[in-house]
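Biologist: Could you put the model up and walk me through it? I'll ask as we go.

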Amino acid sequence: LAHSQERVNYASMLIQRMYLRRGYDVEGMRKVQARITLMASQNEAVVGTLTLGIDSGNGLMADENYKQEVDELRSEGRRICELTKFAVDQTRGSKRVLAGLFHIAYIYGRILHNQTDVVIEVTPRHALFYKRMLGFEPFGEERLNTRVNTVGVLLRLKIDYVDQQIAHWGGTTDSEAARAERSLYPYFFSKDDEEGIVQRLLRGD
């Protein structure tokens with residue numbers, strides 16, 4: 001958890017390096033209430049980061065470009081969170097790093113904050129990754145993402161689906177069935193490991 005400004009700065013440097021390499025405009029990160037920034041590190045180097053935003057009454061970043069779609073979920077009584085500022089150093093990252101970041105975000109969103117849906121804005125080129133690896137579905141048409149000055153699309157994932165996938169696949173990386181599975185879910189933690197992580201987070205470890 002990037003709970004200090006120093007850690008947020010490390011995450012921000014990775015975001016800027018990876019996004020600027022692809023030609024995207026990106027602002028530096030800062031600590032904001034109802035947003036949780038996670039970091040993955042190897043040998044003291046930050047290799048991945050992901051921010052989870054909770055719809056706590058102050059709106060979501062997705063409202064800027066997809067307010068009608070997000071309001072539709074709100075009107076149905078859905079509890080929405082969003083993923084933003086995702087970056088992994090491809091020279092050091094791995095499926096385990098990706099799965100670890102997404103699973104901890106799931107724990108914060110689903111287990112600790114009782115969210116029902118997660119949305120994410122991505123480029124059309126990256127949408128296939130989120131569909132195949134995590135089960136996201138299209139939820140908004142392509143339009144300009146004003147925060148990074150490139151075309152984006154809104155995707156939605158029902159967290160009930162994530163519950164089912166973790167229960168079925170979590171912690172099964174070495175099984176024969178998992179080797180044929182194309183999603184990230186075999187690289188997620190097992191339910192036993194998940195419970196241990198939840199207890200550590202609740203204790204503030």
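Modeller: Strand β2 (residues 45–54) and strand β3 (residues 80–88) pair in the antiparallel sense over 6 bridges, where strands are DSSP runs of E with at least two residues, helices are runs of H or I with at least four, both numbered from the N terminus, and pairing needs at least two DSSP bridges between two strands. This is a predicted model, in which local features need pLDDT of at least 70 and side-chain atom pairs count only at pLDDT 80 or more, while totals for chains, interfaces and linings use all residues. Residues are numbered from 1 along each chain as its sequence is written, and side-chain values use heavy atoms, with hydrogens and water left out.

Biologist: Which residue in β3 is the bridge partner of Thr51?

Modeller: Thr84 is the bridge partner of Thr51.

Biologist: And what is the strand order of the open sheet?

Modeller: The sheet has 6 strands in the order β1-β2-β3-β4-β6-β5, with mixed pairing. β1 (35–42) and β5 (137–145) are the edge strands, each with a single partner, so one side of each has no neighbour in the sheet.

Biologist: How does β5 run against β6, and over how many bridges?

Modeller: β5 and β6 run antiparallel and are joined by 6 bridges, and Asn145 stands opposite Thr150 in β6. Their hairpin has 4 residues between the strands, and Asn149 takes a positive phi near 60° there.

Biologist: Switching to Asp117, is that residue buried or exposed?

Modeller: Asp117, which lies in strand β4 (residues 117–122), is buried, with a relative accessible area of 0%; buried means under 20%, exposed over 50%, and partly exposed in between, using a 1.4 Å probe and protein chains only.

Biologist: Which side chains does the Asp117 side chain make polar contacts with?

Modeller: The side chain of Asp117 makes a polar contact with that of Thr116 at 2.6 Å and another with that of Arg156 at 2.9 Å. A polar contact is a pair of N or O atoms within 3.5 Å; within protein, one must be able to donate a hydrogen and the other to accept it, and residues adjacent in sequence count only if both atoms are side-chain atoms.

Biologist: Which residues are in contact with Asp117, leaving aside neighbours within four places in sequence?

Modeller: Counting heavy atoms within 4.5 Å as contact, Asp117 touches Arg78, Arg79, Ile80, Cys81, Arg156, Leu157, Lys158 and Ile159.
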